[in-house]
Structure formats: C-alpha cells, structure tokens
Amino acid sequence: MQPFQYVRARSVGEAVGLLARHPEAEVIAGATDLTTLMRDGIRRPSHLIDLNGLALDEISALPDGGLRIGALCRNAIDDPRVVRGFPVLVEALRSGASPQIRNRATFGGNLLQRVRCPYYRQPEFDCNRREPDSGCAALEGDSSRHAILGTSGSCIAVHPSDCAVALQALDAEIVVRGPRGERRIPIDAFHRLPGRTPEREVMLRDDEIILAVELPGRASSAHSHYVKFRERASYAFALASAAVAVEVRGGTVRSARIALGGVAPKPWRARAAEHALLGRPFDEDAIDAAARAATKGAAPRPDNTYKVKLAQAVVRRALTELGGAR
C-alpha cells in the first residue's frame, strides 16, 4: 500500500478545499470499498480526507413530500419515512450486503463504489478503467458476469450498486458541492457509460463531494419493489436485478419507472419497458410486454447470452409481485 496522509475534515468547505489542492486525494467515510482497493494497489491516493463527523447524516422532508438523505447516512436504514414511502430503496439496500457492512457503508460511498470486474480488481490484467488505453482483458476472457447493455470496445464491466438501481427508479437527484458551489445531478446522468473513457465513471468532479441524495415525492414511489437474481442466497452481487415503481389509477398504468442492475456499466433505465406499460391495464399481458422490452438493444457476448432472458425474468417477477402487493 502506498503511503498517504490522513486528514479529518472539520467542515464541508475544508474537505472541498483539500480536494482542490490535492488532485490525487480521495474522501473516506465507511471505507468498505476503498480500503480493499488501496490494499491491492488499485487506488493510490496521496491523501485520505475523512468526512465522518460532518453534519451529512440526517434525513429530512422536502416540500413536495420527498426526502433528502445525507451522504453519510448508513445503508442500514430503518427510518419509517423511507420504509413506507420508498420500499424499493430499503429492499435494494437489504439485498446488497450483510448488516455489518450496511452499518458502515454510506449512501455517498455506495454510489461511488468501483466495478467488481475481476480484471479490474487484479492488477496483472489489462484494464482500461484502471490504466487508460491498456486494453480490456474481459473482451477475450470470461465475460459471463459482464454487461449486455451500454457496453463499448473499451469496457464491458457492470456497475455493482443495488442502491443506485433503486434510486434510478425513484428519479433521485445527487446534491454535490465543490469550489464553484452546489449543484444537482440527476441520477441517470450521474454514472457515465464507458465509451472510450471508462476511467471516468461518474460526473462528480475531482474537487467535489456528495452532500445528499434527494428523492422526489411521487405516488409511484410508495408502490415500488426490488428483485435481485444472484448466484447464491447469501449476499452477492446481482447477475440481474430490477427496481420498479408504478402508479396505477382507475386500473390503468399512469406512470412507470423501471431500472436494471447487473446488466450494464451503469444502473440502466429501461425506458422501452416503461413505455410498454403506460396507458395499459396493469395485467399479465402488459407485464410480459414490459419484460420483453426491457432488454431492447442488448448486445450479449457468447458467455452471457443467458442474461437477456434473466433480465426479462427479473422485470417480470418484480412487476408481478408489485401488482400482487396493491
């Protein structure tokens, strides 16, 4: 592990200033991902800026009935307002890790966790995310757990976060602050597709920190659900997952938001699946149409063609179980 300087920030302004002065610095909160990456020599920060102790761990109500969740709130969330109003988020968090890890991991850190691609995590392999323009070993290696949507010739890794998939279905906004002030980034724009620059994973600038996640107040958010398919019953990353939020009035779908995990380099908004539901009765035919549309544009590799059917199945199950819960 490369030597580094540890600094405990006393304010948001101080943390931002330190990041601006030290381009190779990184922030630390729960440290459930970063410490492993440092141990393995994948991340080599010059400074670790500890955000613990800052007033970023509160949940507060928004004027539209939504919620603002501080970036330092732990993933073991049990606030009744979240449980009742945004069940998909609680289900996603509980499926993602053990209670011990969720008691340490933070909302901000969850959004920034790095891909779990074994070729990225093992420095002996070529990886464009780790070393730009070095190549992508996964293209010629085992791609069975890799992406079928949104890939490029530079990277086919999948984004690991369950929480971020749920936030996609809730149309969340990420509130960040840097030297130029505060700004909001829609969750769908926060994570980047790899394109030709997979090392640039998020729209967060190097001198910015996440302050909070804001969830708008919508009727469909309370009628939401998360389903995850994984290789074993214990905690594991998704082979495919679906977060769904649907508003039904008068027997007809008035709004729908569907997001997929485990199948793309970012949490994937399945807009074709949403359109397949709108204006229709929330019945088996509409659910089947949405499931088939969810993988529109998929480009699987020989090792992961199974993910097309799996992604459709997880959408079908999530919508079917949600319909039964009304």
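I took helices as DSSP runs of H or I with at least four residues, numbered from the N terminus.

The model is predicted: local features need pLDDT of at least 70, side-chain atom pairs pLDDT 80 or more, while totals for chains, interfaces and linings use all residues. Residues are numbered from 1 along each chain, and side-chain values use heavy atoms without hydrogens or water.

I then listed the contact (heavy atoms within 4.5 Å) of H4 with H8. From H4 I noted Val 88, Leu 89, Ala 92, Leu 93, Ser 95 and Gly 96; from H8, Asp 162, Cys 163, Ala 166 and Leu 167.

**Cavity.** I found one cavity of 30 Å³ or more; a cavity is a set of points on a 1 Å grid over the protein atoms alone where a 1.4 Å probe fits but cannot get out. The largest cavity holds about 80 Å³, a volume being the space filled by probe spheres set on the points. I counted 16 lining residues (an atom within 4 Å of a point), with Cys 117, Cys 127, Asn 128, Cys 136 and Cys 155 nearest the centre.

**Second largest pocket.** A pocket is an open set with protein on both sides within 12 Å along at least five of seven lines. I noted about 330 Å³ for this one.

Key
Helix = DSSP H or I, 4+ residues; strand = E, 2+ residues; numbered from the N terminus.
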